[in-house]
Amino acid sequence: MNTSYHNHAHIQSPSEQNDAESTNSPHTNTYLRDPKEVAEEVLGRIHWLDEITGYGECPGKVKHTTPDGQRDFRVHIDGTPTVHCLHSSCSSEVADASRRLRDAMNANPVRSVSATPPATTTNSPRIKGHEHELGKLASEALPIILKNHACTIHGLIAQRRLFREFPPIEVLSYLRLLRKVYGKEAVIWIGEKTDSGTRHHANHWHTLAEWEEHVGDNLGPYVCTSTFQPGTFTRSNDQIAKRGFFVVECDAIDEAVAKKLAAKEALTDDDKMRNKELSVAIMLWLRDAVGLKLRAVVDSGNKSIHGHFEMPPDDVRQELEVILPVLKCDPAAWRPSQPVRMPGYTSETGRAQRLIYIDAKGDNQRPIRLPSEALRELVGTQEVTSFQMGQELKETMYNEASIGREPPNSFSSSGAASCESDPQGFVHGGSSNSSSACERANHHTTNSSNSYVPEDGCGENASTASSGSSPGADRTGGPSTASFTSSSSAHSDEQGSAASSSNSSPPLLDWPQPLREEALHGVAGQIVKMIEPHTEADPAALLLQFLAAMGNLVGRDAWICADGARHHLNLFIAIAGATSKGRKGTSWNQVARIFGVLDEKWKNECITNGLSSGEGLIYAVRDPVVEQKAAKGPSARPGDTEEVIKDPGIEDKRLLVIEGELVSALKVMGREGNTLSAVIRQAWDGGNLNTLVKNNSTRSTAPHITIIGHITKEELLHSLGKTEMANGFANRFLWVAAKRSKILPEGGAVDTVDFSRVINCLRSVIDFAQTVGEITRAEVTRELWHADYIQLSEGKPGMVGSITGRAEAQVMRLSALFAVLDRSKVILPVHHQAAMAVWKYCEDTARWLFGNRTGDKNADKILAALRNAGEDGMSRTEISDTVFTRNLSAHDLHEALQKLVEFNLIRKSRVATRTGATEERWFYGSAPPM
């Protein structure tokens, strides 16, 4: 039997289940407790006024400074359980009591409370007495559900169906979903958990039409999926008008996560992703096996996801409220007035709550069934018992051999799973004996009219294969070795080259960490994921070249302003490889395939190569040349003139220069009188182009030029002169480290990938960009920008500082480009975060390329020599004798040493000699902090 399952939590054996039941474990006790009982266990005796409100004795009563009233201390268990006291002196005790009450409510499976309308509970005659039977059935089925419905977050994203009428803005998409279910005049609540209970909280209740007017704002961290009576200011069940959603959340379905939470240990990014991806299996089982309509899934930005299902029939809901706690789902999530995460919100710490799945149509054709029937069918078809499967899972996941093993290769710690961490090939198309939810999604995308795809064929869920080919299969039909990694054996040759250095070279820094998942936002990321399994090219090179090409294709009709200057979306990209085998040219060829289909005219007329002079670059986008000549003809009179077009010029000022040998252009710039560097700088700025060369009047008005250059690290360090570093040429480029991502002796099968959906999406982006005009930041994005601006604008020493000197402008352009790709006039937090993730990779590339180099050859030689000297250091005389063979003046030596001290790369100390005197010696490394 195949034991290579997706990452699962530990599954209890039948004996373990019996032991747990005997101790009344909350995970196996399926009887939903009365919330009033739980409240009294925490707070003591409570006199209940109704199902949700009561009064008792304040835990801080001894601090009261005025006489107590009979109902001074009140308890509310509806919505967010809270206690209040009319005395202010006991505020700390009351706050602690509220916290303990909420913790207890979340820790115990409690039934929903409601006054109007009354909600049928799971203690109904049909369910009561069968709780343990249902619980055991669910426990037996859990490992099977996790196996059969295993799917990554990206697999879930690929199944979403977006709204046709607007770009995929998370807040607007979610509000539009609520509007489809409830109507535009329905009143919903958005805010902090505590924004309820007094009249000054009334501004947290608005109609959906009113909320949609504020989609550019950071509306609030929480939302209640039920609607409320108009005029309310209390988030309680008796104020609910309609309950349209049943929310499912798995807080700790992974065993390691549950143990860490119990021990109050911090979770790693891998812990959080593992817990969320196990939760996906539960969501897909409810959708595909039970037949519920899964309308939205929200990533909390932490360890959990929330699945928003349309409210099921009462008999189905009653069984779910028994079964889901056994499937490690939080009972608090489905309370009628329970606040859940609001998608599109970004906290002050930068944690973003994402809408990772939405179903705009909601036309699930599967019939709704009783969950118990689906469970019995599932358990009855298995050839092995739950105990056997649980044992296999434990051996697979928690064996001693795996402890200390290197983490699986992956694109990022929180991104798409690699082949090792995705043994069934859900991401990369490996073979499996069972059909997973992700595989079924790919099949649906290609062959089914009821597929989970966007209504306009746009977004991250475009088809990744056709004719039955999986996105990761090679031409032989075997599983792909594709993995978004920077450490596979395929890179060993390049790493060895990068790691080698002579005694005259400064220390080399590590290869950049892989692109963060945020960089793969939207259609750009989807295209990279569609191409990547079929090429040896680096994913970072694919992404940056796609962004550069798209920025050129959309032209000058979109821009973002800074200090009164327009920044258009033209980017300069330099792909730098450790060796000539970095597959730099391959990466462009893969991207060019997309644009050849998208706009053949632009590809044929606006792409060129061969940077040799500034005049030549201007000529490629030149203005028409018109001369005044004496008029001729029968009607012409003496002195009359007429305009004669000497040169029609270039009508389309978009130009993409692909320079496969960027080193040639760098060498040309070193020639005296060559204007290429100056014109390239003007082109990035977006202004008019002209030169002051005598007898050359060629100029270009409003050009839109993009440059993509390829170079090796050795060529770059040898050819990039001090002038280009100092004059701002180098920092107008985004530097991108690239190397071979994998070995595909037979090549990939990219010709089998169906790009039609993303091509249609990109065409709509181009149409949108022609009328977008100025792009601005949403208010919530401004907060992120202000926080990151300080870091971006902070100068850094040496060549790294020179090459990253335009960080703010580069991030601005990237974020605006990501917004345009989402067809959004405003930069949302997700666009800013994508831009920051791209910039982080480019900054790390600059650090890898230039390390601790200063740009001063004398200083760099000293730095290398001191590094090799180690703890012995060197005296000034030794530096002069051994490094420069006494051919450097004392003044120049002093200047070089001072520059290294200024950059905090070396330090000076006075050490004792054998004679008892002291001498000045220089050492590699920064001075210790004062």
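Which residue forms a salt bridge with Asp881? The views below take up this pair and others in a predicted model, in which local features need pLDDT of at least 70, side-chain atom pairs count only at pLDDT 80 or more, and totals for chains, interfaces and linings use all residues. Residues are numbered from 1 along each chain as its sequence is written, and side-chain values use heavy atoms, with hydrogens and water left out.

**View 1. The salt bridge of Asp881 and Arg886.** Arg886 is the partner of Asp881, with the closest N and O atoms 2.9 Å apart; a salt bridge here is a side-chain nitrogen of Lys or Arg within 4 Å of a carboxyl oxygen of Asp or Glu. Arg886 counts as exposed at 64% relative accessibility, whereas Asp881, at 28%, counts as partly exposed (buried is under 20% relative accessible area, exposed over 50%, partly exposed in between, with a 1.4 Å probe and protein chains only).

**View 2. The salt bridge of Arg366 and Asp288.** The two side chains meet at 3.5 Å, N to O. Because Arg366 lies in the loop between β14 (354-358) and α11 (371-380) and Asp288 in helix α9 (residues 269-290), the pair ties together parts that are 78 residues apart in sequence (helices, H or I, at least four residues, and strands, E, at least two, are DSSP runs numbered from the N terminus).

**View 3. Strand β2 and its neighbours β1 and β3.** Strand β2 (residues 53-56) has both faces covered, with Thr53 and Tyr55 buried on one side and Gly54 and Gly56 buried on the other. Strand β1 (residues 46-48) pairs with β2 in the antiparallel sense over three bridges, where pairing requires that DSSP finds at least two bridges between two strands.
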